[in-house]
Amino acid sequence: MVSKIIFGRGSFNQLDELISPKRQGRNAPFIFFVDDVFKGNHWLTSRIRLSYKDKIIYIPTDEEPKTSQIDQLTEDIILEYSEQPSGIIGIGGGIVLDVAKAVALMLTNEGESKDYQGWDLIKNPAVYHVGVPTISGTGAEVSRTTILTGPDKKLGINSDYTPFDQVILDPELTKDVPNDQWFYTGMDCFVHCIESLTGTYLNAFSQSYGEKALQLCKEVFLGDHLSKEASQEKLMMASWHGGMSIAYSQVGIAHAMSYGLSYLLGIKHGIGNCIVFDHLDEYYPDGVDLFKQMKANHSIELPQDVCADLEDYQFDIMINVALSLEPLWENALGKNWKQVMTPEKIKALYQKM
Ligand code: NAD
Ligand code: ZN
């Protein structure tokens, strides 16, 4: 779990105070990975205080993190500085949070990041790392994974060393998120709740977080009299609880199939989950019903026919990526999932999207 957390509007102002005691010396910088949407945004960047050799690196978000990108960022830091950084601070959406976690891990673990995609392969504790989400939903701020696309798979580096040492939850940082992105990333959280709460891996730990997160999602996406501030605060806590819920259970069919869309077509996580979940009424009838109400409430139009022009071999690639995520299917459908979910069935679902 994340060991330290602060929450509150304006708490981002405490960043410097929080990290200063962790400074290891003049030659051991803090590296700030910042979502490039904040380039030139004085309101945010003026609050990042740089001393000695500290540096801001802006991270583009048009593509989700790749293992090659993580290896490059890690190598650049090793070559530029004589000492290990004092800390890595990620400020942004799920992409930037995952980049920060992955680089912090790779600075202390030899070799390439693709070798660590999987469960508990990391051997050494990461460099001190801090997460500051600026959009709510993924749960990347709380999870024990960092999701990377490698040469042959999209899979997280899941380990006890992956979670942030410190998280700053400042709901005000989410104030300028565009409406459609707010919905897609928020729905990532909603789907985490449904997949966790209806899954066979569910236990009391996951359920208690999942139920709270689901209630908050309903207030945010279906409630009427919520102020903007309350909505930002509730969705930030929903994301946290949703992430905690899947930490001790698993996600399910929407995530497995969304990984296929992402791997082949580069469709991003939030919107990919929405495209898939929209067609999963057979598996998650109540959840899909709520999803459609939320979609209508916020006038969201999802892309249609994203698989219309694909050839058979391309469907096979997506099906293989999806089916390789065995724990997700087992969570969704039980131990005998292979009898329930065949490649043909997955193909038929993709063909509807
Ligand atoms: P994202 O990081 O791509 O951010 C979405 C968009 O919102 C980007 O264009 C970003 O620049 C913009 N944005 C962020 N904050 C903003 C702000 N305050 N104002 C205006 N624009 C802002 O998307 P996401 O949905 O947050 O994250 C998706 C990523 O998270 C994927 O790479 C996915 O694999 C990963 N993920 C990780 C976990 C985990 O547990 N580690 C869980 C779920 C998803
Ligand atoms: Zn997700």
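The shell around ligand 1 takes at least three residues from each of domain 1 (4-174) and domain 2 (185-352), where the domain bounds come from an automatic or database domain assignment. This is a predicted model, in which local features need pLDDT of at least 70 and side-chain atom pairs count only at pLDDT 80 or more, while totals for chains, interfaces and linings use all residues. Residues are numbered from 1 along each chain as its sequence is written, and chains are lettered from A and ligands numbered from 1 in the order in which they are written.

Of the 30 residues around ligand 1, those that come nearest are Val37, Gly93, Gly94, Ile95 and Ser143, a residue being near if its C-beta atom, placed from the backbone, lies within 6 Å of the molecule.

The C-alpha centres of the two domains, domain 1 and domain 2, are 25 Å apart, and 19 residues of domain 1 are in contact with 25 residues of domain 2, contact meaning that the C-beta atoms, placed from the backbone, lie within 7 Å. The table gives the classes of residue, with Ala, Val, Leu, Ile, Met, Phe, Trp, Tyr, Cys and Pro counted as nonpolar, Asp, Glu, Lys and Arg as charged, and the others, Gly among them, as polar.

| Group | Residues by class |
|---|---|
| Shell around ligand 1 | eight nonpolar, 16 polar, six charged residues |
| Side of domain 1 that touches domain 2 | four nonpolar, nine polar, six charged residues |

Definitions and conventions: Two residues are in contact if their C-beta atoms, placed from the backbone, lie within 7 Å.
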